[in-house]
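Subject: Structure handover

Hello,

Here is the structure for your files. My notes on it follow below.

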Amino acid sequence: MTKNEMKSVIEYLEAAANRNPKKLAVIDQGESITYEKMLELTRRAGTLVAGKCQKSAPVVVFGEKSNLSLACMLGVVQGGCFYVPLNPEQPKERVEKILEVLQPKVMLVSAACMERAKDLAFSGEIVSFDTCVGTKIEDDLLRERRRKAHKEDPLYGIFTSGSTGTPKCVLVSHQCVLDFIPHFIEETGLLSTDVFANQAPFDFDVSVKDIYSSLALGATILLIPKELFALPTCLLDYICDNHATVLIWAVSAMCQISGLKGFDYRIPTDLRRVMFSGESMPIKQLKIWREALPELPFVNLYGPTEITCNCTYYWIAPGEPLPEKLPIGKAFGGREVFLLDERGQRVTQPGISGEICVTGESISLGYYHNTEQTKKSFILYGPEKKRTYRTGDMAYWNPKNQLVFDGRKDFQIKHMGHRIELEEIENALNSLAGIVRSCCLFDREKNKIICFYVGDVEKTQLKKQLKLSLPGYMVPQKLCSIDQMPMNKNGKMDRNQLMTWAKEGLG
């Protein structure tokens, strides 16, 4: 069946279960399950959901990453609804704001999170994962939900931060995923024999590529517990012992291994592909990965949640010289990526920065229950009035016609009369000997640039080195040495935590 004939991502799972029912679909620390078993569990959970919720209703899946949480997510889809995974590590106040946006009637909850769920301001029904997967399958009910299914139906919702303080739910359809995943598989060279080492939590859209690439191929997902990322030797043992072949990780997660000299302990020789996204990869850290795995290609991925995972990629062949700044490359098939200046005109000249805009396949449905923000971010552009997402990210074309990320609009500051990109300061810092990672912030109240860094360089020496490569107005007024960068739930540097530390005078 071609992607144009498919109406639901569940058809990926069904096809894989028919082809190879006994193959492992998910490897978990607790219990691994086959494709045959996964299909059965999703049908059980789907029967429960279909019996309690109207078609295309939101269903929250609240629990730690596990094979059961994945089965319940896909069970929501079997039941004709869309799932919203919620990480239990999020603060109670934020979870309640999310529930207020969604107004769900049902929340599926793991055993470990049941007490937390009961403590939330939630008037709907709370159902345990065990109850979901223990429900008797009703074929007629599931068949009726499938009969009414459309490719345009919502598949999942993922929350991102909102400028007003209320989180925004990005709503992604089946069609978005069915259009994107075949391009992603083909253009990154993924195989049915691969084992995807899943780093990202399920409420972070990096995991979408792990889940649906694996299901589409009939491959295997290896779920990595979050706590292993604080223990590089244990993490490498887990990856190696389970013969992982593909990593699609956040940059910070990769830096945990390279920055803490994990490869001095063990090298994952089964790896075929290493892809990274979410932040700019420090060239120095990428070099450590390439030295450990010289025969491997690496892929730099770019794209916000609103366009379904990624819209561009940059393939780094083995032995290829690395530029000073890594491009985000070219568009995946089915997409058009272009730059707009402040007047809404296209930027085509190399070296001129503009806002990244994306049109074509896999643009999300918008923000759930937030028409105003949807209209603001998803515009109709050009004579053909193509639905286009304005990312808020900046980039420029290099002489090879490749896109190069140039920071967030939000990260551009005005300091001492100059417009400054904080990322430019970070790039200068990360290139210095002895620096593992850095992050720059701007304290508007005190009008100071503050830099946190991990490394063994004295602050006075570091400031001297920066003055050799940056103009004086770009040299941070405050340098803070820390042992390890804090990470948020998505595996990115936690800038909010760093700003809190800065205001408390830590570092």
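**Aromatic pairs**

There are 13 aromatic pairs in the structure. Rings of Phe, Tyr and Trp (its six-membered ring) pair when their centres lie within 6.5 Å; planes under 30 degrees apart are stacked, over 60 edge-to-face, and the rest tilted.

Phe 180 and Phe 332 make an edge-to-face pair, with 5.5 Å between centres and 85° between planes. This pair links distant parts of the chain, 152 residues apart. Phe 180 is in helix H8 (residues 174-188), while Phe 332 is in the loop between strand E15 (330-331) and strand E16 (335-340). Helices (H or I, at least four residues) and strands (E, at least two) are DSSP runs, numbered from the N terminus. Phe 180 counts as buried, because its relative accessibility is 2%. Phe 332 is buried too, at 1%. The cut-offs are: buried under 20% relative accessible area, exposed over 50%, partly exposed in between (1.4 Å probe, protein chains only).

A word on the source before I go on. This is a predicted model: local features need pLDDT of at least 70, side-chain atom pairs count only at pLDDT 80 or more, and totals for chains, interfaces and linings use all residues. Residues are numbered from 1 along each chain as its sequence is written, and side-chain values use heavy atoms, with hydrogens and water left out.

Back to the rings. Phe 180 and Phe 332 also belong to a cluster, joined by ring pairs, with Phe 184 and Tyr 313.

Which category does the pair of Tyr 302 and Phe 405 fall into: stacked, edge-to-face or tilted? The ring centres of Tyr 302 and Phe 405 are 6.1 Å apart and the planes meet at 40°, so the pair is tilted. Tyr 302 lies in strand E13 (residues 298-302) and Phe 405 in strand E21 (residues 403-408), so this pair ties together parts 103 residues apart in sequence. Tyr 302 is buried at 9% relative accessibility. Phe 405 is buried at 16%.

**Charges over rings**

A charge sits over a ring if NZ of Lys or CZ of Arg is within 6 Å of the ring centre and within 35 degrees of the ring normal. Lys 168 lies over the face of Tyr 367, 5.2 Å from the ring centre. Arg 346 lies over the face of Phe 338, at 3.9 Å.

**Cysteines**

With a disulfide taken as a pair of cysteine sulfur atoms within 2.5 Å, the count is zero. Cys 234 is partly exposed, at 36% relative accessibility. Cys 357 is in no disulfide either; its nearest cysteine sulfur, in Cys 311, is 10 Å away. Cys 357 is buried, with a relative accessible area of 0%.

**Pocket and cavities**

On a 1 Å grid over the protein atoms alone, a cavity is a set of points where a 1.4 Å probe fits but cannot get out, and a pocket is an open set with protein on both sides within 12 Å along at least five of seven lines; lining residues have an atom within 4 Å of a point. Points are joined across faces, edges and corners, and volume is the space filled by probe spheres set on them.

The second largest pocket holds about 650 Å³ of space. Its lining has 36 residues; Lys 65, Glu 89, Ile 224, Pro 225 and Lys 226 lie nearest the centre. Helix H3 (67-78), strand E4 (82-86) and helix H11 (251-259) each supply at least two lining residues. H3 has the largest share, with three.

The structure holds three cavities of 30 Å³ or more. The largest cavity has about 170 Å³ of space. It is lined by 17 residues, with Ser 8, Val 77, Gly 80, Ala 149 and His 174 nearest its centre. H3 and helix H7 (139-147) each give two or more residues to this lining. H7 gives the most, three residues.

**Backbone**

His 369 is not a glycine, yet has a positive phi of about 55°. His 369 sits in the loop between strand E18 (366-367) and helix H13 (371-377), and is exposed at 56% relative accessibility. Lys 385 also has a positive phi of about 55° without being a glycine. Lys 385 is in the loop between strand E19 (378-381) and strand E20 (386-397), and is exposed at 54%.

Best wishes
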